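Here is a friendly walk through one protein model, with an eye on its charged and aromatic side chains. Take a look at the sequence and the fold before reading on.

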Amino acid sequence: MQFLASLVSNSRNFRRRWNRALSLHHFSSNAREASVSNAVFVEFLRDNGFQKPQAMAIAMRYPNLKSLEQPRSVIQMLKSYSFSDTQIQKLFRVHPQMMFYNVEKNLEPKLRFFEELGFSGSDLGKFVSQHSSFIGVSLVRKIIPTVEILKSIVAPKHEHLTVILSRCGWLLGTDPNLFLLPNISYLKTCGIVGSQLASLLRRQPRIFNVPEEKLRGYVSRALELGFNLNSRMLVHAVLSLSSLSEKTFDRKLKLFVANGFSEDEITDIIRRSPGLIRCAEDKLTLGFEFYMKRMGIEREALVKRPCVLMYNLEKRVIPRLKVLQILREKRLLKEEKKKKKKNIFDIVEMTEKAFLEKYVVRFGDEIAEELLVAYKGHLLNNDDDADSSCSSHEDCSLITD
């Protein structure tokens, strides 16, 4: 009996060892097969422009790959739509699972859809490679409804749609009922509609993808600054306030205070030119120094015309004043003999076309050339621009009122 028991026990141990050996053999065979597939996949990716480290990183995510048929068909389809190698590589680095999507059912319908919207050639490749997150999203349930909502905002100027999508393609990967539709509805109740809504979408698309509570906070702060609901300036205030943190906004307010502006004056300035608070602090500081200290302009004048602080001193303001200085020295500003000198703010705020027509091109070729060099000289010699503009501050004071 002991012998029989021993025989049965040995038999069971043998079967366990045999099964374990078979299991190890099966695992080893699979490992070798996966390893071969990885090597082939790496070589395939390298043949399509990937560097070896990038190819290996992608291949490691798919150790059991048995066929290259799907990745090959995806690449062929992308190239048929004029995607560059660089764009394809970017797509696969960010969204490698795209290589295994069904071309006919998933990928190509989306590319045709965006092509019909106005994206084509390299523009289509650039758009998709920059916003690849929507590739795995349903065309019917999410992408098309979101695009239709955006179309309704920019109508009838549908040519702006591609510009907007290029800036906020990430909206296509989200549920429009989550933020987009509620925020549009709320902004409309504030009087931001039509072209204003379209402008806000073009310039600050992320405001449409924040919780409604946060959007209400921007509007509330705008109202505290003196803006009114249904005012055409409200959209500009919301745009500016959503572009910077409260900490940065408070720091800019302190900058105005440090330059002598009262709380009421600061409020007036922001109401007249809400975009001014988006300007860099260095730019504002230089503007205060130039207009108030160098040019001797009263603080009250800046409160009434704060937009001048937004213009570039080196590229616009000082060159224009140089042109007027030359004209005055040549006694070519005859109209100033009969009336007051032109206000510096009027000169700064003139459109480029109007300034060139009135103060440059209407004079003879020889003088016009001299004036154009004075006006656009900074484009010809950037190295000398800073020094020459600094030395011209005192000269510019000669043409103020």
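## Charged pairs and rings

Arginine 299 and glutamate 265 join their side chains in a salt bridge, with N and O 2.9 Å apart. A salt bridge here is a side-chain nitrogen of Lys or Arg within 4 Å of a carboxyl oxygen of Asp or Glu. This is a predicted model, in which local features need pLDDT of at least 70 and side-chain atom pairs count only at pLDDT 80 or more, while totals for chains, interfaces and linings use all residues. Residues are numbered from 1 along each chain as its sequence is written, and side-chain values use heavy atoms, leaving out hydrogens and water.

Where do the two partners sit? Arginine 299 belongs to helix 16 (residues 299-304) and glutamate 265 to helix 14 (residues 263-272), so their pairing ties together parts that are 34 residues apart in sequence. Helices are DSSP runs of H or I with at least four residues, numbered from the N terminus. Arginine 299 is partly exposed, with a relative accessible area of 26%, whereas glutamate 265 counts as buried at 14%. Buried means under 20% relative accessible area, exposed over 50%, and partly exposed in between, using a 1.4 Å probe and protein chains only.

Arginine 299 also meets glutamate 300 in a salt bridge, and Glu265, Arg299 and Glu300 are linked in a network. The structure holds 13 salt bridges, including the three in this table.

| Salt bridge | N to O distance |
|---|---|
| Arginine 299 and glutamate 265 | 2.9 Å |
| Arginine 299 and glutamate 300 | 3.4 Å |
| Arginine 320 and glutamate 352 | 3.2 Å |

The salt bridge of arginine 320 with glutamate 352 links distant parts of the chain, from helix 17 (residues 313-329) to helix 19, 32 residues apart. Arginine 320 is buried, with a relative accessible area of 0%, while glutamate 352 is partly exposed at 29%.

Which ring does the charged end of arginine 320 sit over? The ring is that of phenylalanine 355, with its centre 4.6 Å away. A charge sits over a ring if NZ of Lys or CZ of Arg is within 6 Å of the ring centre and within 35 degrees of the ring normal.

The structure holds 17 aromatic pairs. The ring centres of phenylalanine 355 and tyrosine 359 are 5.3 Å apart and the planes meet at 40°, so this pair is tilted. Rings of Phe, Tyr and Trp (its six-membered ring) pair if their centres lie within 6.5 Å; planes under 30 degrees apart count as stacked, over 60 as edge-to-face and the rest as tilted. Both residues lie in helix 19 (residues 352-361), four residues apart, or about one turn of the helix.

Arginine 221, in helix 11, is buried yet has no salt bridge; the nearest side chain of opposite charge, glutamate 246, is 4.4 Å away. The charged end of arginine 221 sits over the ring of phenylalanine 249, 5.3 Å from its centre.

Finally, a word on confidence. The mean pLDDT of the chain is 83, and 83% of its residues reach 70 or more. Where pLDDT is low, the predicted coordinates should not be read in detail.

Notes. Helix = DSSP H or I, 4+ residues; strand = E, 2+ residues; numbered from the N terminus. Lys, Arg positive; Asp, Glu negative; His and termini not counted. pLDDT = per-residue confidence, 0-100.
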